[in-house]
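Let's walk through a protein assembly together, one feature at a time. Have the viewer open and follow along.

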Protein chains: 6
Amino acid sequence: MLTAAVIARAVGAALEEDAPWGDLTSTALLPPDTTATADLVAREPGVFSGGDVFVAAFVLTDPAIRVDVHVGDGDEFAAGDVLATVTGNARGMLTAERVALNFTQRMSGIATLTAAYVTATEGTAARIADTRKTTPGLRAFERHAVVSGGGRNHRHSLSDAVMAKDNHLAVLQRSGRDLASALRDALVHLPHTTHVVVEVDRLDQIEDVVAGGAHTVLLDNFTPDELRAGVALIDGRAQVEASGGVNLDTVAAIAATGVDVISVGALTHSARALDLGLDLRID
Amino acid sequence: MLTAAVIARAVGAALEEDAPWGDLTSTALLPPDTTATADLVAREPGVFSGGDVFVAAFVLTDPAIRVDVHVGDGDEFAAGDVLATVTGNARGMLTAERVALNFTQRMSGIATLTAAYVTATEGTAARIADTRKTTPGLRAFERHAVVSGGGRNHRHSLSDAVMAKDNHLAVLQRSGRDLASALRDALVHLPHTTHVVVEVDRLDQIEDVVAGGAHTVLLDNFTPDELRAGVALIDGRAQVEASGGVNLDTVAAIAATGVDVISVGALTHSARALDLGLDLRID
Amino acid sequence: MLTAAVIARAVGAALEEDAPWGDLTSTALLPPDTTATADLVAREPGVFSGGDVFVAAFVLTDPAIRVDVHVGDGDEFAAGDVLATVTGNARGMLTAERVALNFTQRMSGIATLTAAYVTATEGTAARIADTRKTTPGLRAFERHAVVSGGGRNHRHSLSDAVMAKDNHLAVLQRSGRDLASALRDALVHLPHTTHVVVEVDRLDQIEDVVAGGAHTVLLDNFTPDELRAGVALIDGRAQVEASGGVNLDTVAAIAATGVDVISVGALTHSARALDLGLDLRID
Amino acid sequence: MLTAAVIARAVGAALEEDAPWGDLTSTALLPPDTTATADLVAREPGVFSGGDVFVAAFVLTDPAIRVDVHVGDGDEFAAGDVLATVTGNARGMLTAERVALNFTQRMSGIATLTAAYVTATEGTAARIADTRKTTPGLRAFERHAVVSGGGRNHRHSLSDAVMAKDNHLAVLQRSGRDLASALRDALVHLPHTTHVVVEVDRLDQIEDVVAGGAHTVLLDNFTPDELRAGVALIDGRAQVEASGGVNLDTVAAIAATGVDVISVGALTHSARALDLGLDLRID
Amino acid sequence: MLTAAVIARAVGAALEEDAPWGDLTSTALLPPDTTATADLVAREPGVFSGGDVFVAAFVLTDPAIRVDVHVGDGDEFAAGDVLATVTGNARGMLTAERVALNFTQRMSGIATLTAAYVTATEGTAARIADTRKTTPGLRAFERHAVVSGGGRNHRHSLSDAVMAKDNHLAVLQRSGRDLASALRDALVHLPHTTHVVVEVDRLDQIEDVVAGGAHTVLLDNFTPDELRAGVALIDGRAQVEASGGVNLDTVAAIAATGVDVISVGALTHSARALDLGLDLRID
Amino acid sequence: MLTAAVIARAVGAALEEDAPWGDLTSTALLPPDTTATADLVAREPGVFSGGDVFVAAFVLTDPAIRVDVHVGDGDEFAAGDVLATVTGNARGMLTAERVALNFTQRMSGIATLTAAYVTATEGTAARIADTRKTTPGLRAFERHAVVSGGGRNHRHSLSDAVMAKDNHLAVLQRSGRDLASALRDALVHLPHTTHVVVEVDRLDQIEDVVAGGAHTVLLDNFTPDELRAGVALIDGRAQVEASGGVNLDTVAAIAATGVDVISVGALTHSARALDLGLDLRID
């Protein structure tokens, strides 16, 4: 979740980064009492995300600036729509403009891309989930944008769920013990609330990891046919997650296999900033 | 510049974000003394950036991990190339892996995109420059990546150069005074080291802003023909910068007009993460 | 998990709290090159926890101080045992002493109390777990101490697992819908890795919350007979956790009912500092 | 003193620790506009401390929550008393509840224990004082709680008063000089506002340390008879402090010897959290 | 520029430095509801600077304190003038008093000294500029005070303009290449907005550095006659800055040589605190 | 005391302030492997202070730089003396130079001014003490410099000693009670280690404040004759401190009156930076 504290901290740091000792241009060229009105306008269609962040950029710069956001996070908009209106002192508005846009364009870009994946899988039970492939320092923002786009979040970090991969399984099997009991023994010291995902590369690994206590089996780089076979094998004893080779061309076929979750790194690592602009009129 | 202090702070924060109370999986599944070797492998060709950042992710996690980076920032590589090798304790390597990749993939993505723009303008005097459209909190990293790709940096922030746009000029002209002297008067209180960029939309504004003291005239959304006319008008009395409508299809024609600088927001706001992977072998 | 970064930050802050502008006494009374040796001695028996923290207090004060810890976290010791030996400059040792002890005594106190609960439930399958009733700012330390004592951790915070209580259930039932489907619908937007604990006060609530998707059913303030009935009802479809009225007199009977987890706030909110002392000999 | 800045910092950090990315449960299960009322109820009798801290936990989470505290710090209460009432949005109240209680229960526990020591020494001139055996990071809170219980504070840290112990005296005497002048010479470089406590183990050390400039002589581990003899020897030339072997059974006899101060580590290192609960009714 | 964020941070830190755990005196001696009125009175004539900082010291201590500042930054005042009036709770006013004065006295001292330099050069085109010889941590405050005194700021830091000195030039010339082209090549990788100052010790270096791209030529330790010759040589192709040997006795002659800028380290490194006092009347 | 932690934090912040994104000049003009040697040379005589701080500025910039400090804090030096030698990479040395000098020049300026006061009072028992009139953020540094000059420190902050002034006494007397008992009652809640200074304006106040428990009586703005009378009146029952009207012309006469302490705000608020320079030779 994107808490108020997280927004204040990241937006404050971004404002500091962008104007460590003030906005030379506005201060030099605009009389101190200049006021302005600005519209946040969509230059292309998309799905909105980041309303609270947009507001924070202006209010943290000048608490007297007023921002009315006309759309909710998750709302679709068309090119030309006015998404928000900002009024107040012109110096503060110009100082905050770029930071407000940098956040909102990126978040809306992610929401829009996520929505495309969600739309492509409509009618199936599969949820589209993000990954840890987020921009350093902005994970809470990008996860929020994924939800705005109709996606769901995966584990937040390395600290709140287990995800065992091939290397981990290889180590467990060195002892010569069977994988299921080795896995179960390794996990027993974790909190009883810890969710365990185990990634497999082949169908024949599934039985062991389900027996070993996996709550979710992640089928990595499986073909749709293999996924369908995996879903049948697991048969409701664990959730089934698919990853690898997921793009807008392949996601529908993957979703149709009956998997519960499709995790897509591209949602955050390859979304581009959506084209939003601030049309400012100095009064 | 990307100083060691800046790297340590941002990478440290990213590691904290990704494992606030440790890596549950590695701790549960790997014996504490497990060691590993990993290669950073390019899955697609590109231009590298972020060597020091890649190293920092591992060393800040476990100072005993050794990282050898085989390429320099700015070097081109092919798909399949091994860019770096990491050796040490497996737990720390797995904990740091995602953060190391998140930074390096993004930085190399920017460097690679920048290099494409630079290549497209080879043989001209135009420099490809970034903008303030950077990821909040990561400006120093993304500016560094632009330089790795052969680009140049623009002003760092609102605090270290003036950029006057249409709204600023409109305010200056309200008084009824001529723009040149109004501009000159407004700027006189700035440090004598402050660089002044003035953005114009029409050729007929150029004479005034040069007379007003602009060191760089930014011609925004001009056609190539208009740019050529602008360069002729300015005639060496100021630097000429072009922006707006710049993409890989148009940049060569823009560069051929004789402008000194082409600023491209897409370098940072729309680069996608390059596909780099860590192939890890537990010893 | 108690990461090195977390230790450094909390111990550093504690040293700052205890000597914001240095240790007046040592500086005034001891020549700068005075050296000393000190033994950490147990004044009463117990279970040790906090070895890395003890070391950090001295090393962050003076990196040249050497600390040898003779016991591992989780080891039992007798009154009179020497648990660690510290050698180095006397000024730094005296400056760090109180902070080192404040952490180690508290952590060992928690480990010792936890071990008493664990011992009392030996031979049963029940795990003793901590709660969120920890000292503000020290949760990672106190959770680590619980593990040292043979206990297990519960969810780390409000952000990494759901725990629905009576008030939440009451709100869900207002709509007139059946609880199971209302609960299931409410949880669907969470990450698929989120563990769901639901607390019930009466046996007749169990069927609904299991159907609603609870991974753990928390039976709050149940008698042993009621617990036994609850375990039978749930019959392996979810984990069973007991809480309320747990103390060293009652815990064995509770564990004997077949519950999987017993959560005990007293482990952290009411443990007393164990009596450990530093016997220092100035050389 | 417990300043507003200190409260905001520590409570803010505790809220962050307990919900780094929000309260999953409340967000998933409660409609955003759910309101509630809660009473802070004493489950056992005691002395209250931490009213401002209790308020801060809620207000820092949601500034619109209203908290009325019905008792002052230092007030006694009976089991069943309602100590405070909280009204506002239910999500914020549930998010803040545990942090508010963790602070208030611990502070009231310390105040209650302190009051027992103060009551046991009523009618004597001895003041009950705390020590540096406080929870790392919470010294200001625990010192405040001691005052709420009728106790007094000792020096805040190593930086604001001198306390010379046996090891320090041993070093001073190595030179062969008399202790009084060695002590006086060592202290002369300190600020003239620095208070000097000197700890002695035997009656025959007293004359020297008084002559050496001690403002307070700390008699460590003396019997009541020895304390009485020490008070007589010092005869008003310095304050007399007693420590060691102080508990609720011995403190009255110690106070009756005429000492000015009795310092008690147990006030903070061994107090248990008082049983306070929040009875919440969702509207 | 002295932004609100910078003021809040530095003044907050200073208040913390001066009262880490409160103001013992006011708390012990003044009833909590004591109110007071205080005048900020000039004990000597000068130029004011720091109004916003003065206000912040009180308001950050107690938001209910009201401060009316009767003069603007840059205004001259006479001995005895009342510069500001503060009303509110006496405890907070006494706690904040010293910090408020420490900032305002220092800033007004710098403004007053700067004004003396500016007055001495009236009628010339030379601007009086500060340097990087500022108090660590207070650069933004001291630069603001220089502007209050009628001076101008130089580059903010090492990161926002180039200043090449003798050592740099010596390195460039090692290669045997001509200085002009070596300098030009070295600077080409910098942002096109970077201002370049080159310092010379002798007249015969000027031609090369102008040809090498210097925007400002800094003539260091030149006599007035040499400065005049330098100005003639440069002839408008770059700005001319003078430094070295500048004091109130010499500055007029230096300014009369036609230089554009005179940089004066003494403005910040040797200004003394102006004598301002707070006359407080407890109501 | 100036602890290593305090030095690292303040020097680190100053380096960040002076080069937030690196040193453009050195990076552009010096090959990365350029080495240099530099001497810290005194341009005027004085007393040194800040050796550890000088070292830290270089080492925090580049841990491979070596600094040999040839004088101790408190040592006198003549114009032309080489006080320290620095060797290492030239880029780092130039980046750190200004910060190193800004600290050391200011600290040595304070030490030198303090030494003048101490010399002027030689042969008397009076100690020269600093005040809270220090540069915000640098109190620990300036207090250290006062000690380097042979002075002594006063209370560190509002939190570690009481200083009651005229306004406080006026409030105490409102009740109509006698001042001595009102003062004593007000102070009883403070820690028994708290030192109490009471400031008086007239001789007839002395008896009351001594009776009220003052450990030091501060005679503010007394003539030498009045001071002598005050010393006689107090007669060893408290320390005697003089303040107000103290300068290098008056301090000897004040010291000769027999006061114990003379507190001098000018030591820190009006010292000028001593002229020290770094003579750097690029190898």
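## Reading the helices and loops

Q: Before we zoom in, what covers the buried residues of helix 1 of chain A?

A: Keep in mind that this is a predicted model. The cover includes helix 3 (51-61), helix 4 (90-120) and helix 5 (139-148) of chain A, along with helix 5 (139-148) of chain B.

Q: Which are the buried residues of helix 1 of chain A, and how do I read the pattern?

A: Start with the general idea: an α-helix has 3.6 residues a turn, so residues three or four places apart point the same way. Here the buried set is Val6(A), Ile7(A), Ala10(A), Val11(A), Ala14(A), Leu15(A), Glu17(A) and Asp18(A). Looking down the axis of helix 1 of chain A, you find these buried residues within an arc of 160°, so they line one face of the helix.

Q: What does helix 1 of chain A reach from its first C-alpha to its last?

A: Its 15 residues (4-18) reach 21 Å, close to the 21 Å expected at 1.5 Å a residue.

Q: Which residues are buried in helix 7 of chain B?

A: In that helix (residues 179-187), look for Leu179(B), Ala180(B), Ala182(B), Leu183(B), Ala186(B) and Leu187(B). They span an arc of only 170° around the axis, which puts them on the same side of helix 7 of chain B. They pack against helix 2 (24-29) of chain A, and also against strand 7 (162-164), helix 6 (166-174), strand 8 (196-200) and helix 8 (206-211) of chain B.

Q: At what angle do helix 6 and helix 7 of chain E pack?

A: Two packed helices are described by the angle between their axes and the distance between the axes. For helix 6 (residues 166-174) and helix 7 (residues 179-187) of chain E, the angle is about 105° and the axes are 9 Å apart. That makes helix 6 of chain E roughly perpendicular to helix 7 of chain E.

Q: Which residues of these two helices meet?

A: From helix 6 of chain E come Leu169(E), Leu172(E) and Gln173(E); from helix 7 of chain E come Leu179(E), Ala182(E), Leu183(E) and Ala186(E). Sorted by class, this contact has six nonpolar residues, one polar and no charged ones.

Q: On to loops. Is Asp23(E) buried or exposed?

A: The cut-off to know is that buried means under 20% relative accessible area. Asp23(E) has 5% relative accessibility, so it counts as buried. You'll find Asp23(E) in the loop between helix 1 (4-18) and helix 2 (24-29) of chain E.

Q: What does Asp23(E) touch?

A: Leaving out residues up to four places away in sequence, Asp23(E) touches Met1(D), Arg91(E), Leu94(E), Thr95(E) and Leu158(F).

Q: What is phi of Asn221(D)?

A: First the background: most residues other than glycine have a negative phi. Phi of Asn221(D) is near 60°, a positive value in a residue other than glycine. Asn221(D) sits in the loop between strand 9 (216-220) and helix 9 (224-234) of chain D. With 52% relative accessibility, Asn221(D) counts as exposed.

Q: And where does Asn221(E) lie?

A: In the loop between strand 9 (216-220) and helix 9 (224-234) of chain E. Phi of Asn221(E) is near 60°, again positive in a non-glycine residue. Asn221(E) is exposed, at a relative accessible area of 53%.

Notes: Residues are numbered from 1 along each chain as its sequence is written. Chains are lettered from A and ligands numbered from 1 in the order in which they are written. This is a predicted model: local features need pLDDT of at least 70, side-chain atom pairs count only at pLDDT 80 or more; totals for chains, interfaces and linings use all residues. Side-chain values use heavy atoms; hydrogens and water are left out. Helices (H or I, at least four residues) and strands (E, at least two) are DSSP runs, numbered from the N terminus. The expected span of a helix is 1.5 Å times one less than its number of residues. Buried means under 20% relative accessible area, exposed over 50%, partly exposed in between (1.4 Å probe, protein chains only). The arc is that of the directions from the helix axis to the C-beta atoms. Contact means heavy atoms within 4.5 Å. Axes are lines fitted to C-alpha atoms, for helices over the stretch in contact, and angles run from 0 to 180 degrees between N-to-C directions. Angles under 35 degrees count as roughly parallel, over 145 as roughly antiparallel, 65 to 115 as roughly perpendicular and the rest as oblique. Ala, Val, Leu, Ile, Met, Phe, Trp, Tyr, Cys and Pro count as nonpolar, Asp, Glu, Lys and Arg as charged, and the others, Gly among them, as polar.
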